[in-house]
Number of protein chains: 2
Amino acid sequence: MADTATGSPRTLLNETRCQTCSLSSLCLPLALELQDMDQLDAIIRRRAPLKKGDSLFRQGTPFTSVFAVRSGSLKQMTTEGGGEEQLTNFYLPSELAGLDGIGEASYPGTVVALETTTVCEIPFDRLEALSETLPELRGQLYRSMSKEMRDDRRMMRLLSRKTADQRLATFFTNLSDRFRRRGYSPFSFRLSMSRADIGNYLGLAVETVSRILGRFQTQGLVAVSGREVNILDLEALIEVAEQEGCR
Amino acid sequence: MADTATGSPRTLLNETRCQTCSLSSLCLPLALELQDMDQLDAIIRRRAPLKKGDSLFRQGTPFTSVFAVRSGSLKQMTTEGGGEEQLTNFYLPSELAGLDGIGEASYPGTVVALETTTVCEIPFDRLEALSETLPELRGQLYRSMSKEMRDDRRMMRLLSRKTADQRLATFFTNLSDRFRRRGYSPFSFRLSMSRADIGNYLGLAVETVSRILGRFQTQGLVAVSGREVNILDLEALIEVAEQEGCR
DNA sequence: CGGGTGGTTGATTTTACTCAACTCAGGTGG
DNA sequence: CCACCTGAGTTGAGTAAAATCAACCACCCG
């Protein structure tokens, strides 16, 4: 997705402050006054871009910071009892990774870059301290956390009640929506994750993902070529995603 | 579960203060000084007990408070697009319901009592205000939220990777553990939820739940009679729950 | 040019769902 | 007090959906 992200909304290199960041209206600064934004700005650490496959933090590593994605994308994975990995989330620009480590000694999951990705590191103790005097910031943090909880609930619903077709359709409409909100085309984008990632995330075998993508294609819902996606009939896709009483 | 909850750890009627509440070591007051606890205490509203089937709040109702369970148990459900209900959580004594509504205008789910249940209502604006001066309280709130996020992740893992057997085994070991932490027997308890609830929660058909319970019984893992559960071989149950590479 | 990864397609199998019948316990009302 | 009814739970038979196994393709990179 970063490949796309370096595109449309101008992502200037000197865009190193919340005030000038094109994502500020979606990210933590949302609802902050200019001067407050400066204060938040002061505690944020910019990091060297992550390369594809680099991990932002690993499961079990001491928890220190939450991270806002500036460009690119991340995936979060958890391993339990030495078993295989479960992919629990994708993070797009303006989204916060690491929230589920708050209050814990260590991160409960590993977060890895799916492509070249830049993030803002926000040391949590500093954020905590700052939020003591900035109610809006605190509120925003709560909002981010409870939003992630609601997203998790939606995901649980998807995993326990939806068919493979519905899962894929939901995945695409959800991505489309998130791109739209960020100012990118909701109809045409590049997937930064592999089919295996998608399958893992949606609780499906890779083969199933592939097959259903093929079917969607013949049905004229989407045009997929490798990781390039064109949504041809968003309405119909939403229809598939939400159709009920199928099982 | 309340049936059990009214039992062992003495639940006196005049136990109307956090300081004397047997759950304070698990609930929000955890890590608070005595005097701080008093302050929290002051904002908490006790409510008349809910009867089985009563709803604590309904999806779409304006968000005002979070609720700590004092005795009994709750289930949380969400309906999406007029579809059927998805059961997303059970709440036992000391656990907080409503966290996922924080920062939203309305509750994203409906919470219903599974049996006679008493709760402490904590108006969120008051909690917010109080947490401004009590870092420990704030931290505890963060911890509760991020814990729920981690539980959600575990649930997602369960729904997308585990077999029906593993799901049931996980469900029982998890319940057992939660009862143990609360001072009840980890081996013998009463389910406050129906088979349908369990199935809905675990993403399984009622019949499947029933069948697997039967199998567990013949395997000597548990003895189930109606809603009365005796765990006969917790080790083996954990084994089943965690076995990997089965699919 | 060869090896490897990521992706697709086909055939078969497995798992859990659906549909249906049936049991059981609790509650109600005659 | 008992017959009946209802809802919850169990059990069985057949089915459908997606997993697995296996082969194959295409692109990329050295």
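A:Arg17 is partly exposed, with a relative accessible area of 37%, where buried means under 20% relative accessible area, exposed over 50% and partly exposed in between (1.4 Å probe, protein chains only). The model is a predicted one, in which local features need pLDDT of at least 70 and side-chain atom pairs count only at pLDDT 80 or more, whereas totals for chains, interfaces and linings use all residues. Residues are numbered from 1 along each chain as its sequence is written, chains are lettered from A and ligands numbered from 1 in the order in which they are written, and side-chain values use heavy atoms, with hydrogens and water left out.

Over all chains the count comes to 42 salt bridges, a salt bridge being a side-chain nitrogen of Lys or Arg within 4 Å of a carboxyl oxygen of Asp or Glu. In one of them A:Arg17 is paired with A:Asp41, the closest N and O atoms being 3.7 Å apart. A:Asp41 lies in helix H2 (residues 34-43) of chain A and A:Arg17 in the loop between helix H1 (2-5) and H2 of chain A, so the pair ties together parts that are 24 residues apart in sequence; helices (H or I, at least four residues) and strands (E, at least two) are DSSP runs, numbered from the N terminus. A:Asp41 counts as buried, at 11% relative accessibility.

Between chain B and chain A there are 14 salt bridges. The side chains of A:Glu80 and B:Arg157 form one at 3.8 Å, N to O. Because A:Glu80 lies in the loop between strand E4 (74-79) and strand E5 (85-91) of chain A and B:Arg157 in helix H4 of chain B, this pair joins two chains. A:Glu80 is partly exposed at 34% relative accessibility, and B:Arg157 is buried, with a relative accessible area of 8%. Another pair crosses between chains from B:Glu132 in helix H3 of chain B to A:Arg138 in helix H4 (residues 135-161) of chain A, with the closest N and O atoms 2.9 Å apart. Here B:Glu132 counts as partly exposed at 30% relative accessibility, while A:Arg138 is buried at 2%.

In the interface as a whole, 46 residues of chain B are in contact (heavy atoms within 4.5 Å) with 46 residues of chain A. The area buried between the chains, that is, the accessible area (1.4 Å probe) that two parts lose on being put together, summed over both, is about 4300 Å², of which carbon and sulfur atoms give 51%. In chain B, B:Tyr142, B:Arg153 and B:Arg157 lose the most area to chain A, together 18% of what that side buries.
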